[in-house]
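Work through the exercises below with the sequence and the structure at hand. Try each task before you read its solution.

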Amino acid sequence: MGNGRTVLEGFPAGGPRGSWPAEEFAHARRLEGMPAEVVMDLATDTFLVIVRGGDGAQG
């Protein structure tokens with residue numbers, strides 16, 4: 001799609017814990033210095049942990 005994001009991991013939205021596994025994964029990545037965030041992919045009913053790109057911070 002070229003929307004400037006990288007998907008790190010996906011977690012099914014129908015799980016008994018909802019978005020928590022995705023939030024925990026994203027939090028761990030943030031502790032490592034990655035600006036990870038959780039978004040909902042409605043098409044696949046999945047929580048995606050992503051890092052947005054295209055902010056000009058590329059070396």
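**Exercise 1.** State what share of the residues in the protein is buried.

Solution. The model is predicted. The protein has 59 residues, and buried residues make up 22% of them. For the surface, the accessible area of the protein comes to about 4200 Å², with 55% of it belonging to carbon and sulfur atoms.

**Exercise 2.** List the elements of the protein in order from the N terminus.

Solution. Begin with the count: there are 1 helix and 3 strands. Then read from the N terminus, which gives the order β-α-β-β. Next, look at contacts with a separation of 6 or more: residues 24 or more positions apart account for 52% of these.

**Exercise 3.** Find the residues of the largest nonpolar core and the elements that give two or more residues to it.

Solution. The core has 8 residues: Phe11, Ala13, Ala22, Ala26, Ala36, Phe47, Val49 and Val51. Two elements give two or more residues to this core, namely helix H1 (20-31) and strand S3 (46-52). The largest share, 3 residues, comes from S3. Now take one core member, Phe11. Leaving out residues up to four places away in sequence, Phe11 touches Pro21, Ala22, Phe25, Thr46, Phe47 and Val49.

**Exercise 4.** Decide whether arginine 29 is buried, partly exposed or exposed.

Solution. First locate the residue: arginine 29 lies in helix H1. Its relative accessible area is 16%. The cut-off for buried is under 20%, so arginine 29 counts as buried. Last, list its contacts, again without residues up to four places away in sequence: arginine 29 touches Leu8, Met34 and Ala36.

Technical notes
Residues numbered from 1 in each chain as written. Predicted model: local features only at pLDDT ≥ 70, side-chain atom pairs only at ≥ 80, totals over all residues. Heavy atoms only, no water. Core = buried A, V, L, I, M, F, W, Y, C linked by side-chain atoms within 4.5 Å. Buried < 20%, exposed > 50% of the residue type's maximum accessible area, 1.4 Å probe, protein only. Helix = DSSP H or I, 4+ residues; strand = E, 2+ residues; numbered from the N terminus. Contact = heavy atoms within 4.5 Å. Areas by Shrake-Rupley, 256 points an atom, 1.4 Å probe, with all protein chains shown as cover.
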